[in-house]
Amino acid sequence: MEPRSLRVGFIGLGIMGRSMSRNIHRAGFPVTVWNRTASKMEEAAKWGAETAGSPKEVAAGSDVVITIVGDTPDVREVVEGPEGVLEGARPGTILIDMSTISPEATRQMARRAADKGVHMLDAPVSGGDIGAREGTLSIMVGGDEEVLEKVRPVLEAMGKNIVHCGPVGAGQTVKACNQILAGINLLAMVEALAFAKKAGVDLEKMLQVTTRGAGTSWALENYAPRVLKGDLDPGFSVRFQQKDLRIVLTEAERMNLPLVGTAVVNQLLRSVQAHGGDELGTQALITAVERMANLELVPKKKEKADSD
């Protein structure tokens, strides 16, 4: 494939970012990466990425800089901090933050970026590790629509459903809506498994029917089979889901909006965290229900194999 003209900088090579950056490179864009853990940059260099010594260095050699890091303070550090993106970016650079962070913090950063002539889009993603690997993420974008069109080919290397949601911050707001749905669907999935188990129904057959019925969801189709295999490895960790729900609940408090179901999911995941499950996948919510109902839903044989 012919190389594309836009030079892309990519900051953050976690579970999502390592696949997303590689898909951009596969689409023909030159990619420069930076990550706090250097070994992840070495892995990226093997598939053809250039590596940089700082976010500032990434920005200095890029037309488009993408960030996808853990939380609001992490984005602020790599964008606004010493040796950050805004120190190296030239006027006209496009900054795309694909992390999931506070909508208000996004608007603040966009104003500071604009003061330096940098255009900022917030473009959080949904689809988990599977969508990141396969390049099928949903991408919800806030910011200037003309700027979006300039970088759409880059986004198309990572996702299939790219929607302009409104001004800066709108992408983060829509992502918050997504996380409400993801959390409540996750709870529905584990409660359905618990109900079937307690009633003595074959869980595989229950899924065979329900994943094709009106009650299906991404969680039911993708996470329930993992649970039945005893696979609680993270596609998306409990820690990051809790961070996202904290953003949701903080925004809801600001709006004086009750979100009862979301609060329940947050508390049940807190139970998972209290039992050491911070880095497990969000499907580990099943363990909280196991404890409450005195049920065995995650095969113990698989858990033993994981601990060997």
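Guide: Buried means under 20% relative accessible area, exposed means over 50%, and partly exposed lies in between (1.4 Å probe, protein chains only). Helices (H or I, at least four residues) and strands (E, at least two) are DSSP runs, numbered from the N terminus. This is a predicted model, in which local features need pLDDT of at least 70 and side-chain atom pairs count only at pLDDT 80 or more, whereas totals for chains, interfaces and linings use all residues. Residues are numbered from 1 along each chain as its sequence is written, and side-chain values use heavy atoms, with hydrogens and water left out.

Visitor: Which residues of helix 10 are buried?

Guide: Helix 10 covers residues 203-210. Its buried residues fall within an arc of 95° seen down the helix axis, so they line one face, the arc being that of the directions from the axis to the C-beta atoms. The face turned away from the buried side carries the exposed residues Glu204, Lys205, Gln208 and Val209. The buried residues are Leu203, Met206 and Leu207.

Visitor: Which residue caps the N-terminal end of helix 10?

Guide: A polar contact is a pair of N or O atoms within 3.5 Å; within protein, one must be able to donate a hydrogen and the other to accept it, and residues adjacent in sequence count only if both atoms are side-chain atoms. Here a side-chain oxygen lies 3.0 Å from the backbone nitrogen of Glu204. The capping residue is Asp202.

Visitor: What does Pro225 touch, not counting residues up to four places away in sequence?

Guide: Pro225 has its place in helix 11, a helix that is included in what covers the buried residues of helix 10. Pro225 is partly exposed, with a relative accessible area of 32%. With contact taken as heavy atoms within 4.5 Å, Pro225 touches Leu207 and Leu220.

Visitor: Is Thr287 buried or exposed?

Guide: Thr287 lies in helix 14 (residues 285-293), and its side chain reaches the backbone oxygen of Ala284 at 2.6 Å. Leaving aside neighbours within four places in sequence, Thr287 is in contact with Leu232 and Val272. Its relative accessible area is 12%, so Thr287 counts as buried.

Visitor: How many Å² do domain 1 and domain 2 bury between them?

Guide: The chain is divided into domain 1 (8-167) and domain 2 (174-293), with bounds that come from an automatic or database domain assignment. The contact takes 15 residues from domain 1 and 14 residues from domain 2. Buried area is the accessible area (1.4 Å probe) that two parts lose on being put together, summed over both. With 59% of it on carbon and sulfur atoms, the buried area is about 1300 Å².
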